[in-house]
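Hi there,

Here is the model I promised to pass on.

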Amino acid sequence: KAVEMLTEAAGLGSIDALFNLGAAHEDGVGVQQDEAKAVEFYAKAAMQGHVLSRYSLGFTFGKKGGELWPRGAPVRGATLYDLSENGAQGFS
């Protein structure tokens, strides 16, 4: 049910919902684990300025050696990771 609600919220433009859908797919919570889908959701939110999505996207990119990076993305995951690491310091 939560994934349905997050999907609806994401469709209405919530970048927090996109981030949470990415986390759900990365961890397999409420859905089958799928890191490629997680990267898609993180990328959509990251490109709209969601700092934790940028961090998660960069982390996922680094952990998989870049193989899951979405084609055509304007910046590399390592760059997002580096940029977001400074922005996410307040969350550690």
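Contact here means heavy atoms within 4.5 Å, and helices are DSSP runs (H or I, at least four residues) numbered from the N terminus. This is a predicted model, where local features need pLDDT of at least 70 and side-chain atom pairs count only at pLDDT 80 or more, while totals for chains, interfaces and linings use all residues. Residues are numbered from 1 along each chain as its sequence is written, and side-chain values use heavy atoms, with hydrogens and water left out.

Let me start with H1 and H2. From H1, the residues Val3, Leu6, Thr7, Ala9 and Ala10 meet Ala17, Leu18, Asn20 and Leu21 of H2. By class, this contact has seven nonpolar, two polar and no charged residues (Ala, Val, Leu, Ile, Met, Phe, Trp, Tyr, Cys and Pro count as nonpolar, Asp, Glu, Lys and Arg as charged, and the others, Gly among them, as polar). The axes of H1 (residues 2-11) and H2 (residues 15-27) come within 8 Å and cross at roughly 140°. That makes H1 oblique to H2 (under 35 degrees counts as roughly parallel, over 145 as roughly antiparallel, 65 to 115 as roughly perpendicular and the rest as oblique). Axes are lines fitted to C-alpha atoms, for helices over the stretch in contact, and angles run from 0 to 180 degrees between N-to-C directions.

Next comes H3 (residues 35-46), which packs with H2 at an angle of about 160°, the axes being 8 Å apart. H2 is therefore roughly antiparallel to H3. Residues of H2 including Ile15, Phe19 and Glu26 meet residues of H3, among them Lys37, Phe41 and Tyr42. Sorted by class, this contact has nine nonpolar, two polar and four charged residues.

Finally, Ser56 sits in helix H4 (residues 51-63). Ser56 touches Phe19 and Tyr42, not counting residues up to four places away in sequence. Ser56 is buried too, with a relative accessible area of 14%.

Best wishes

How values were computed. Helix = DSSP H or I, 4+ residues; strand = E, 2+ residues; numbered from the N terminus. Buried < 20%, exposed > 50% of the residue type's maximum accessible area, 1.4 Å probe, protein only.
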